[in-house]
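Please read the following account beside the sequence and the model.

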Amino acid sequence: MTLAVEFRDLNKSFQGVRANYDICLKIEKGSIHAIIGENGAGKSTAMKLLYGTYPPDSGSIYIDGKLWAGRGKPWSSPSDAIQSGIGMVHQHFMLGGPHTVLENILLGVEPSFKHWNWLPRSLRPIDRQGAREKLESLSAQYGFRVNLDSKVEKLSVGVQQRIEILKLLYRDAKILILDEPTAVLTPQETVELFENLKKLCKQGKTVLIITHKLKEVMNLADRVTVFRAGAVVGEREIRDTKLEELASLMVGRKVNLNQETPPRPVLKGPVLEMIQVSATVSRSLHDIDLTVNAGEIVGISGVEGNGQADLIQLILHPRDFAQKMSGTIRLSGEDIRHLHTHQVKDLGMGVIPDDRIRDGLLLERPLRDNFLLGLQRKVPFNRRGLISYRYLESAATAALAEYDIRPRSTEVRSGALSGGNQQKLVIAREFKYSPKFVIASQPTR
């Protein structure tokens with residue numbers, strides 16, 4: 001077996017909380033290797049050690065059999081990883097929306113004409129045509145076709161993911177790390193992604209996928225490594241394991257994967273009513289009629305970008321669009337068209353945003369501060385205009401335990417949490433006062 005990557009006794013802690021413990025891991029060259037585990041199991045941290053986002057506290061990483069980091073000489077940044085042929089597609093894409101596909105891919109590695117090499121790099125003209133030809137060749141070779149002149153913000157999430165992978169291929173990455181790659185994709189886009197990843201492996205690339213979607217692991221990966229509580233607890237060939245075994249390894253106990261459907265609830269009248277609502281948010285909404293009753297779950301589906309996000313903005317910030325709106329919006333029987341956002345939420349509405357990093361969290365602030373967001377006006381968090389930090393600490397600590405948010409420290413920055421634990425923090429905060437009505441936009445993303 002020829003190894004592309006090997007971890008030997010890798011350890012990493014943050015603020016005294018151990019994220020990875022004695023990680024030993026072998027990744028075969030040319031394979032699709034899945035890294036699975038619950039939220040906070042340490043899988044993303046381990047891959048960020050490989051990508052150079054963090055230096056390991058101890059242990060070593062070998063690339064193609066050669067010591068790449070460890071023994072007192074860790075890499076300084078992801079640029080070192082990129083130079084070693086490693087690339088990573090993060091859960092939240094690193095793209096500039098107003099810029100074109102070509103501009104996003106070239107950022108940081110702008111090619112120049114050889115006869116201008118005597119100039120400082122910042123002054124050299126960019127060889128856009130040469131870059132375009134290379135990218136078109138890569139797109140055709142690996143099946144990641146995309147219009148290089150399109151603005152990224154106009155493209156679907158699936159296409160944006162292709163751009164991220166093309167960025168890695170343009171930089172000659174041989175080892176590709178994909179963090180929860182199907183979390184934002186439609187089923188059709190997921191099938192297309194899997195086909196393209198298999199093509200990459202046939203061309204000699206090595207793919208590592210961080211996920212906890214076990215059915216996808218069984219259909220795609222050659223081998224799987226299971227993380228639990230920061231340590232590796234199992235490694236299996238896909239052909240030699242079953243979905244139930246992987247689930248049990250993830251959580252440390254036997255898991256029943258057969259879900260029982262709960263009885264239909266008794267509906268108790270409308271909570272949200274939208275009657276002939278038309279408005280201009282980022283785009284126009286026309287003649288929306290929508291009723292959500294107490295006790296029911298109403299799904300709103302459609303290809304992303306067709307007004308779902310605008311509908312949420314209209315309900316959450318009605319006063320901002322009052323001059324551009326007609327029709328009626330009622331929450332718990334009250335007309336909300338001229339209410340501020342905090343007044344709407346005071347009527348008993350909770351919101352799980354589609355982008356927790358943009359709209360739900362302050363990444364540089366500790367968990368306790370993030371738990372307070374939106375609750376700062378409510379008693380007993382607010383007493384006579386002052387925040388009760390003693391109650392905040394108690395409530396935040398209880399929420400971390402109830403929702404199994406890891407690590408269990410209110411001092412940790414929210415930006416240091418895994419994506420799943422960030423999502424659980426948002427949910428814990430929004431459910432603190434048992435809201436009557438919840439908007440959950442892409443809640444499992």
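**Helices, core and rings**

In α6, the buried residues are Glu189, Thr190, Leu193, Phe194, Asn196, Leu197, Leu200 and Cys201; buried means under 20% relative accessible area, exposed over 50%, and partly exposed in between, with a 1.4 Å probe and protein chains only. The model is predicted, so local features need pLDDT of at least 70 and side-chain atom pairs count only at pLDDT 80 or more, while totals for chains, interfaces and linings use all residues. Residues are numbered from 1 along each chain as its sequence is written, and side-chain values use heavy atoms, with hydrogens and water left out. Helices (H or I, at least four residues) and strands (E, at least two) are DSSP runs, numbered from the N terminus.

The buried residues of α6 pack against β3 (32-36), α4, α5, β7 (175-179), β8 (206-211) and α7 (214-220), where contact means heavy atoms within 4.5 Å. From its first C-alpha to its last, α6 reaches 23 Å with 16 residues, close to the 22 Å expected at 1.5 Å a residue; the expected span is 1.5 Å times one less than the number of residues. Just after α6, Gly204 has a positive phi of about 100°.

Helix α4 (residues 128-142) can be checked in the same way. Its 15 residues should span 21 Å at 1.5 Å a residue, and its end C-alpha atoms are 21 Å apart, which agrees. Ala131, Arg132, Leu135, Leu138, Ser139 and Tyr142 are the buried residues of α4. Seen down the axis of α4, these buried residues fall within an arc of 130°, so they line one face of the helix; the arc is that of the directions from the helix axis to the C-beta atoms. Their cover includes α3 (101-106), α5 (157-170) and α6 (187-202). Gly143 follows α4, and its phi is positive, near 80°.

Which residues touch the most other members of the largest nonpolar core? They are Ile36, Ile165, Leu169 and Leu197, out of 49 residues. Such a core is a set of buried Ala, Val, Leu, Ile, Met, Phe, Trp, Tyr and Cys residues joined through side-chain atoms within 4.5 Å. Helix α5 gives the most to this core, with eight residues. Leaving aside residues up to four places away in sequence, Ile165 touches Val89, Phe144, Leu176, Leu178, Leu193 and Leu200.

The structure holds four aromatic pairs. Rings of Phe, Tyr and Trp (its six-membered ring) pair if their centres lie within 6.5 Å; planes under 30 degrees apart count as stacked, over 60 as edge-to-face and the rest as tilted. Phe371 and Phe381 have ring centres 6.3 Å apart and planes at 55°, so the pair is tilted. Phe371 is in helix α12 (residues 367-372) and Phe381 in the loop between α12 and β16 (382-383). Phe371 counts as buried at 2% relative accessibility, and Phe381 is buried at 0%. Phe381 also forms an edge-to-face pair with Tyr391, at 4.9 Å centre to centre and 80° between the planes. Tyr391 lies in helix α13 (residues 389-402), so this pair ties together parts that are 10 residues apart in sequence. Ring pairs link Phe371, Phe381, Tyr391 and Tyr433 into a cluster.
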